[in-house]
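Here's a quick briefing for anyone opening this structure for the first time. Take a look at the sequence and the model, and then we'll walk through them topic by topic.

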Amino acid sequence: MNLKTAVQFRPSKTLKAHFLKELISRFVTPDQAAMTDNKPPTAEAISNGETHAAPTSIAQQYDLLPKLIPHLDRHLTFPLLEFLSGLEGDENTDVLKAKYELLKHTNMTDYVASLWQEINDSDDVPEEFVKKREEVLQMLSLFTEETKQIDELLNDESVVSNLRSDKVANLKFLEQQHGVTTQMVDMLYDYGRFQYSCGSYANAAHLLDQFRILSTDNDKASSASWGKLAADILTTNWEVVMEEVNKVKESIDTKLFNNPLAQLEHRTWLIHWTLFPFFNYEPARDTITEMLFSPSFINTIQTNCPWILRYLATAVITNRSRTRNTGAYQKQLKDLVRVVRQEGYEYNDPITEFVKALYVDFDFEEAQKKLTEAEEVLKGDFFLSATADAFVEAARHLISESYCKIHQRIDIKDLSARLGLNQDEGEKWIVNLIRDTRMDGKLDYKEGTVLMNHPANSVYQQVIERTKGSFFRTSVLSAAVAK
């Protein structure tokens, strides 16, 4: 199994059985499908009303799993199915079958056997699982023996201290001094893949890293980098994950510069894989946001995966409390609005529609409606479920700020309704907003209104604001013309 391209299918997370059937069907060959007695309901059966189907919710309607999984490794897909199990409450049979079909070709034989027992309600384990388990243990013993010498050498400080950045020289040194061959180095790669398939991700990451240090095979080294990135993600070693993301990004930029199509494909994969640290590791939020807004990656999103705008929009909006007053945040917000407006014909969901309603249409009622829908969508998204409350809080601040900027007299009751708050909560919210943002506003409790003071910018200041970037843009244009 190629660590980087293990999964090419289009399943779905929705709780309805016929969507889960799509996931299972991608893993089952026609012969296997004919042999199994535990097939999910057919599309025909569902269309005839022969199976139960839950009403489609907003979260199901805007489910992104069918779009995400084709760009994820087989093992990276498993946490998404686990999340789906949590949404279901009790383990859903179709989810169990999806897990089984996802993992049955891996070396995780004990877990796959337990899934089979649960699906078939049986205490017996089929002979094929017992046989495969023995084969896996034999292979593990063989790999351990074959890689013992080189593993000991790479853990010996006296040997490692003699290694240099030149891989060819390193191999020559190890061959002359310790009898290491190219085949022994390649065995590290095979053993790393084997450990990865067994679900031993920490060992896989260690072996693949050792292989990269010595290998002069660029294709295998690139594949090992993707495998190590996946293994580090699955061990939630986020600091190392971010280091690997930078290495993979640099490899894409430097080694694939003469193949734009391959760059597009690899960047698409990297964007999807970075979703794991994006919303699980706070220090990575700003770094990944900046990367996704860079020209090459924002072009990839617009061209190949516009649904990533959901995650980019969520990141920008929830970053409001940390970086709201910085020029970088304002630029990101402007870029987000621009891209959401451009890609509206290609992709939209309540999160992107909230951005459009607030910053393009200035429709506050529609923004509030989309915010309510967005909260439900976020709670049903594997990557964003933990950010739902922070998103709603930040979005309410953005609605309030925009509303206050374009109105001089604001009815507290009306603004509270737009924010989904009662009048008392709305008063406290507005008072805190004025204090936190240092807006020039005066609260009139008797009239139940807020009076906003909006001093007009001088003509000179407006000219400065509109032209301050013209020199840089002119320089970029001149450089482009010169080429």
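Which residue forms a salt bridge with lysine 249? That partner is aspartate 253, with the closest N and O atoms 3.5 Å apart. Keep in mind that this is a predicted model, with a pLDDT that averages 79 over the chain.

**The chain as a whole**

- The chain has 483 residues, and 48% of them count as buried.
- Its secondary structure comes to 29 helices and three strands.
- If you take the contacts between residues at least 6 apart in sequence, 65% of them join residues at least 24 apart.
- The accessible surface is about 24,800 Å², and carbon and sulfur atoms account for 49% of that.

- A pLDDT of at least 70 is reached by 80% of the residues.
- Among the elements of the chain, the highest mean pLDDT, 95, goes to helix 17 (residues 275–278), while helix 2 (residues 30–35) has the lowest, at 34.
- Over residues 1–55 the pLDDT is below 50, and this stretch has 111 contacts in the model beyond near neighbours in sequence.
- Where pLDDT is low, the predicted coordinates should not be read in detail.

- Because they're three residues apart in helix 15 (residues 238–255), about one helical turn separates glutamate 244 from lysine 247.
- Buried or exposed: which is glutamate 244? Glutamate 244 counts as buried, at 1% relative accessibility, whereas lysine 247 is partly exposed at 41%.
- Glutamate 244 and lysine 247 also belong to a network of salt bridges that links them with Asp209, Arg212, Lys228 and Asp232.

**Salt bridges elsewhere**

- How many salt bridges does a search of the whole structure find? The search turns up 21.
- Side chains of opposite charge can pair when their charged atoms come close.
- One of these salt bridges joins the side chains of arginine 133 and aspartate 110, at 2.8 Å from N to O.
- Arginine 133 belongs to helix 9 (residues 127–154) and aspartate 110 to helix 8 (residues 109–120), so this pair ties together parts that are 23 residues apart in sequence.
- Arginine 133 is partly exposed, with 38% relative accessibility, and aspartate 110 is partly exposed with a relative accessible area of 46%.

- Why is helix 23 (residues 350–359) largely enclosed by the rest of the structure? It's because eight of its ten residues are buried.
- Those buried residues are Pro350, Ile351, Thr352, Glu353, Phe354, Val355, Ala357 and Leu358.
- Their cover includes helix 4 (58–61), helix 20 (309–318), helix 22 (327–342), helix 24 (364–379) and helix 25 (388–406).
- Aspartate 349 caps the N-terminal end of helix 23, with a side-chain oxygen 2.9 Å from the backbone nitrogen of isoleucine 351.

- Helix 20 is mostly covered, with ten of its ten residues buried; among them are Leu309, Arg310, Tyr311 and Thr318.
- The side chain of threonine 318 makes a polar contact with the side chain of arginine 285, at 3.3 Å.
- Arginine 285 is found in helix 18 (residues 284–293) and is buried, with a relative accessible area of 8%.

**Cysteines**

- How many disulfides does a search of the whole structure find? It finds zero.
- Cysteine 198 is partly exposed at 23% relative accessibility, whereas cysteine 305 is buried, with a relative accessible area of 0%.

Methods:
Residues are numbered from 1 along each chain as its sequence is written. Side-chain values use heavy atoms; hydrogens and water are left out. Buried means under 20% relative accessible area, exposed over 50%, partly exposed in between (1.4 Å probe, protein chains only). Helices (H or I, at least four residues) and strands (E, at least two) are DSSP runs, numbered from the N terminus. Contact means heavy atoms within 4.5 Å. A polar contact is a pair of N or O atoms within 3.5 Å; within protein, one must be able to donate a hydrogen and the other to accept it, and residues adjacent in sequence count only if both atoms are side-chain atoms. pLDDT is the predictor's confidence in each residue, from 0 to 100. A salt bridge is a side-chain nitrogen of Lys or Arg within 4 Å of a carboxyl oxygen of Asp or Glu. Accessible areas come from the Shrake-Rupley method with a 1.4 Å probe; for residues, only the protein chains shown count as cover. A disulfide is a pair of cysteine sulfur atoms within 2.5 Å.
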